[in-house]
Amino acid sequence: MKLNLANIMLGTRTLGPGRRAGVWVQGCPFRCRGCIAPEWQPFKPGIQVSPKHLAAAILAEPQLSGVTLSGGEPLSQAEALCALLELLKKHRHFDVICFTGYRLEEILRHPPSAHVLRLLDQVDVLIDGPYQDDLKLAEGLRGSSNQRFHYLSRNIAPGILESWKRPIEVKIDSSSIQFAGIPDPGLNIPYLC
């Protein structure tokens, strides 16, 4: 089993409390107008990594305390993400934030893929709903006002993400430039890479 990822960023502080692993999956069925990462929408090969290998990389960073799943659409890779989170949580506590274009009620009534409910059992905060460009926001850890926060556990304090500061984080190394965060609507970044 492999994860098909668009990007990975270890140590980000922009995607939730503490230092986090940002994991962006490749492929999304929603194709939202104004998507911040349109190149991550196609279901095509991206970074192929086993849950075990990615878990080892995350666990090698002792300062990491959380994982944020985004994309693309994380629920499209529920089985592999479950395996990743289960491996991580065997070794230490990680809180998990997951973005999805699906609504929670829809997920519970008709899970979009196998293992989705098992994945939800691993998630502390679900941010649901497709991005709507005409409802974009300049505050909180969501892109548009139709997206909702569901605090599914007590591991992340209720209400903290609604007022989350929105810095953009840039990491540069010899072979890539990575951006993380949700840009303010007036910021002219065509997409994150």
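1. Now look at α1 (51–59) and α2 (78–91). Their axes come within 9 Å and cross at roughly 40°, so α1 and α2 are oblique to each other. The axes here are lines fitted to C-alpha atoms, for helices over the stretch in contact, and the angles run from 0 to 180 degrees between N-to-C directions.

2. Before going on, keep in mind that this is a predicted model, in which local features need pLDDT of at least 70 and side-chain atom pairs count only at pLDDT 80 or more, while totals for chains, interfaces and linings use all residues. Residues are numbered from 1 along each chain as its sequence is written, and side-chain values use heavy atoms, with hydrogens and water left out.

3. Back to the helix pair. On the α1 side, P51, K52, L54, A55, I58 and L59 meet A80, A83, L84, L87, L88 and H91 of α2. "Meet" here is about contact, that is, heavy atoms within 4.5 Å.

4. Now zoom out. The protein chain has four helices and nine strands, and along the sequence they follow the pattern β-β-β-α-β-α-β-α-α-β-β-β-β. Both kinds of element are DSSP runs numbered from the N terminus: helices are H or I with at least four residues, strands are E with at least two. Among contacts between residues at least 6 apart in sequence, 67% join residues at least 24 apart.

5. How much of the chain is buried? Of its 193 residues, 49% count as buried. The cut-offs are under 20% relative accessible area for buried, over 50% for exposed, and partly exposed in between (1.4 Å probe, protein chains only).

6. Which residues touch the most other members of the largest nonpolar core? They are L69 and L119, in a core of 31 residues. Elements that each supply at least two residues to this core include β1, β2, α1, β4 (64–71) and α4 (116–120), and α2 gives the most, with seven residues. Apart from this core lies another, of nine residues, among them V125, L141, L161 and W164. A nonpolar core is a set of buried Ala, Val, Leu, Ile, Met, Phe, Trp, Tyr and Cys residues joined through side-chain atoms within 4.5 Å.

7. L119 deserves a click in your viewer. Leaving aside neighbours within four places in sequence, L119 is in contact with L69, P74, L75, A78, L81, C82 and L85.

8. Have a look at strand β1 too, where L10 sits. L10 counts as partly exposed, at 27% relative accessibility. Not counting residues up to four places away in sequence, L10 touches R20, A21, A57, I58, E61, L64 and K171. The C-alpha atoms of L10 and Q63 are 9.8 Å apart, though the two residues are 53 apart in sequence.

9. Is T14 buried or exposed? With 6% relative accessibility, T14 counts as buried. Its side chain makes a polar contact of 3.0 Å with the side chain of T12. For a polar contact you need a pair of N or O atoms within 3.5 Å; within protein, one must be able to donate a hydrogen and the other to accept it, and residues adjacent in sequence count only if both atoms are side-chain atoms.

10. Two residues have backbone angles worth checking. Most residues other than glycine have a negative phi. R31, in the loop between β2 and β3 (47–49), has a positive phi of about 50° although it is not a glycine. H115, in the loop between α3 and α4, has a phi near 75°, also positive in a residue other than glycine. R31 is partly exposed at 46% relative accessibility, and H115 is partly exposed at 31%.

11. Q41 lies in the loop between β2 and β3. Q41 counts as buried, at 10% relative accessibility, and its contacts beyond four places in sequence are Q26, G27, C28, R31, C32 and C35.

12. Last stop: A180, in strand β9 (residues 177–180). A180 counts as buried, at 0% relative accessibility. A180 and I8 are 172 residues apart along the chain, with their C-alpha atoms separated by 9.8 Å.

How values were computed. Parallel < 35°, antiparallel > 145°, perpendicular 65-115°, else oblique.
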